[in-house]
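Here is a short report for a reader new to this structure.

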Amino acid sequence: MKTVTINPVTRLEGHGKISIFLNDEGNVENAYFQVPELRGFEKFCEGRLVEEMPDITSRICGVCPEAHHIASTKALDAVFHVDPPPAAKKLRELLYSAFFVADHITHFYVLAGADFVVGPKAPKSERNILGVIAKVGLDVGTSVITHRSDALQVIAMIGGKRIHPTCGVPGGLSKAIIEEERSKIETIARSEVEFAKSSLKLFEEVVLKNQDYTNLIKSDAYQSKTYYMGTVDDQNRVNFYDGKIRVVDPEGREFERFAAADYQQHIAEHVEPWTYLKFPYLRKIGWKGLVGGNDSGIYKATPLARLNVAEGMATPAAEEEYKRMYETLGGKPVHSTLATHWARLVELLYASERMLELSKDTDITNPNVRTIPTHTPDEGVGAVEAPRGTLIHHYKTDQNGIVRAVNLIVATTNNHAAISMSIKRAAEGVIKKGDVSDGVLNMVEMAFRAYDPCYACATHTLPGQMPLDIKIYAKNGAVIRNLRRP
Amino acid sequence: MSQTDSPTLVVGIGNPIMGDDGVGVHVLRRLRGNTSPGTNVEFKELSVGGIKLVEEILDYKTVFIIDSIESAPVGSINEFSPEQFNGTYHETAPHDVNFITALELYRKLQKDRIPERIRIFTVGIHNEWFFKEDLTPPIQAAASRLSELLINELSRREGRI
């Protein structure tokens with residue numbers, strides 16, 4: 001029998017590429033992040049029935065199909081000028097909160113956890129989820145996969161499937177839930193709240209009580225001062241499902257606040273010849289290159305950005321953790337890329353508490369979950385906060401509901417410029433005198449990983465993951481190190 | 001459901017709107033169309049990998065995974081066991097862990113839920129990353145061959161299909 005070294009998953013994916021150029025002294029001269037896959041998804045959608053969009057768009061990502069499904073469904077509401085009944089809105093938000101719980105659990109424990117729990121410079125063979133489990137124990141590991149799985153069960157109850165939900169229709173949902181399901185969701189939500197609290201406690205024990213890690217979070221290599229974007233409710237508190245998009249400047253002052261439908265007046269997109277992925281920026285400030293600060297239109301839309309943008313959290317325990325985070329890190333806004341992990345855990349608690357609130361609302365078993373559209377379809381925008389940032393779907397149709405134009409601004413695209421800058425800054429901070437050892441390069445990747453970027457999603461080409469190539473070039477152009485992450 | 005009386009699970013992986021990438025899903029749909037009612041076989045179309053893929057195969061005793069790969073000749077059909085996919089086993093991916101690491105995670109935490117037998121069938125493709133719903137002629141032919149092979153295999157296991 002032949003032995004073949006193949007990962008059956010990676011062949012599905014696009015790949016990102018980090019190129020770091022060193023000078024004669026072996027220090028970083030420049031660093032680029034490239035996404036080489038072709039776009040074309042918007043074109044593929046033209047000529048389709050617009051009602052198909054929630055199912056089609058959820059196929060562009062195996063990681064956050066729920067985000068695309070809900071943003072797309074909200075866009076359909078707008079296209080058909082229909083307002084869903086209260087129960088439908090609440091059920092959509094409940095599904096969406098469960099999705100956030102599953103996604104944020106995965107990122108913290110499976111992806112980011114190894115950097116802190118095992119250590120940023122630990123041997124590569126240990127710096128993974130298996131290494132995390134070896135440190136925190138099998139019980140915690142079992143709790144992680146159980147709570148992730150339970151959240152997916154909630155998605156299945158409301159959305160019809162654990163992956164790629166199919167419930168979204170213009171004007172509401174395709175089905176209601178019954179009391180037995182509501183009761184089950186409430187039980188799950190209670191447990192998720194406790195798990196989120198224990199996750200924040202673990203973060204405190206492992207990260208905040210370790211001086212090396214807190215120094216790392218606060219170090220210059222991981223600072224990135226930009227504008228911030230996120231969706232807030234009418235009291236400027238974080239909201240994942242609905243609200244106004246708010247932008248604050250690098251000092252935390254409100255710069256603008258707008259309805260998603262007006263996004264084109266506020267967000268423009270810059271194109272560079274060396275990457276297929278666009279660089280969105282704030283139209284009123286303009287594109288000034290890959291630089292941060294008040295004079296550059298670059299913004300971030302991440303868990304940390306959402307917290308920087310907001311004036312608080314809408315649930316009690318998350319609000320306490322929100323205040324604690326900013327007190328510990330010296331006030332708002334926080335510019336440390338690595339603090340994104342902490343912000344993600346505060347959001348995990350908010351999502352869990354919001355799940356619990358909604359599951360206790362007796363209105364969610366109301367069988368009236370759809371307003372039948374009666375208007376002729378034309379154009380609409382739907383937006384949500386995806387786990388990785390603001391996600392906008394914009395469709396134009398003819399009078400028969402056939403898609404004529406599509407524009408998507410996905411979470412990772414919003415952060416493209418900021419990711420590129422963070423990688424460069426981290427590389428400059430940690431690569432010295434030509435030391436490009438594995439541990440050093442992992443510390444560069446940590447800047448990238450904090451964003452949890454989904455380039456498959458951003459380029460609309462692939463269903464989920466993304467291998468990463470890292471190449472280090474000497475001054476003479478020779479490749480002196482080449483790494484590939486699956 | 002205990003593993004003893006669990007049906008055989010057939011998983012077709014791929015993106016059905018990405019041309020040849022979706023060959024696993026195309027083969028699965030052919031198998032499903034050729035399955036008699038009452039046959040103890042379940043089918044799942046998935047566009048995921050890593051942990052999500054492992055979660056979907058838990059509690060089944062026997063699982064067939066149909067997928068495409070780019071590192072084999074175009075149109076070739078191969079069968080692998082999970083143990084043969086060991087090259088990138090212990091690395092952290094930027095966005096998820098790979099299938100084998102995810103499988104190992106569940107082996108540590110919920111060993112009894114891992115299928116006794118996982119067979120991975122692949123079709124070699126060269127994906128041009130165009131959005132389309134149909135397959136290129138060589139992959140269409142390979143999909144037919146693999147469908148026939150799997151129908152025979154499942155018939156042998158189940159007595160009929």
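In this predicted model, strand β1 (residues 8–13) of chain B runs parallel to strand β3 (residues 62–69) of chain B, and four bridges pair them. V11(B) stands opposite I65(B) in β3(B).

Helix α1 (residues 23–33) of chain B packs on the sheet. The helix touches β1, β2, β3 and β5 (117–124) of chain B. Its direction makes about 140° with that of β1(B).

The sheet itself has five strands and is open. The order in chain B is β2-β1-β3-β5-β4, with mixed pairing. Two strands, β2 (41–46) and β4 (77–80) of chain B, form the edges, and each of them pairs on one side only. From one strand to the next, the twist averages 20°.

**Confidence**

How far does the predictor trust chain B? Its mean pLDDT is 84, and 87% of its residues reach 70 or more. Two helices of chain B mark the lowest and highest confidence:

| Helix of chain B | Place in confidence | Mean pLDDT |

One stretch needs care. Over residues 86–94 of chain B, pLDDT stays under 50. The model still has 30 contacts for this stretch beyond four places in sequence. Where pLDDT is low, the predicted coordinates should not be read in detail. For the complex, the predictor gives an ipTM of 0.81 and a pTM of 0.89.

**A helix in chain A**

Does the length of helix α6 (residues 138–159) of chain A agree with its residue count, or disagree? The helix has 22 residues, and at 1.5 Å a residue it should span 32 Å. Its end C-alpha atoms are 31 Å apart, which agrees. Just after α6(A) comes G160(A), with a positive phi of about 95°.

**Two domains in chain A**

The domain assignment of chain A gives domain 1 (83–222 + 336–372) and domain 2 (224–315). Their centres, taken over C-alpha atoms, are separated by 23 Å. Domain 1 of chain A gives 16 residues to the contact, and domain 2 of chain A gives 10 residues.

Which elements give two or more residues to the side of domain 1 of chain A that touches domain 2 of chain A? They are α4 (86–118) and α12 (340–359) of chain A. The largest share of that side, nine residues, comes from α12(A). By class, this side of domain 1 of chain A has six nonpolar, three polar and seven charged residues.

Notes
Residues are numbered from 1 along each chain as its sequence is written. Chains are lettered from A and ligands numbered from 1 in the order in which they are written. This is a predicted model: local features need pLDDT of at least 70, side-chain atom pairs count only at pLDDT 80 or more; totals for chains, interfaces and linings use all residues. Two strands pair if DSSP finds at least two bridges between them. Axes are lines fitted to C-alpha atoms, for helices over the stretch in contact, and angles run from 0 to 180 degrees between N-to-C directions. Two residues are in contact if their C-beta atoms, placed from the backbone, lie within 7 Å. The expected span of a helix is 1.5 Å times one less than its number of residues. pLDDT is the predictor's confidence in each residue, from 0 to 100. Domain bounds come from an automatic or database domain assignment. Ala, Val, Leu, Ile, Met, Phe, Trp, Tyr, Cys and Pro count as nonpolar, Asp, Glu, Lys and Arg as charged, and the others, Gly among them, as polar.
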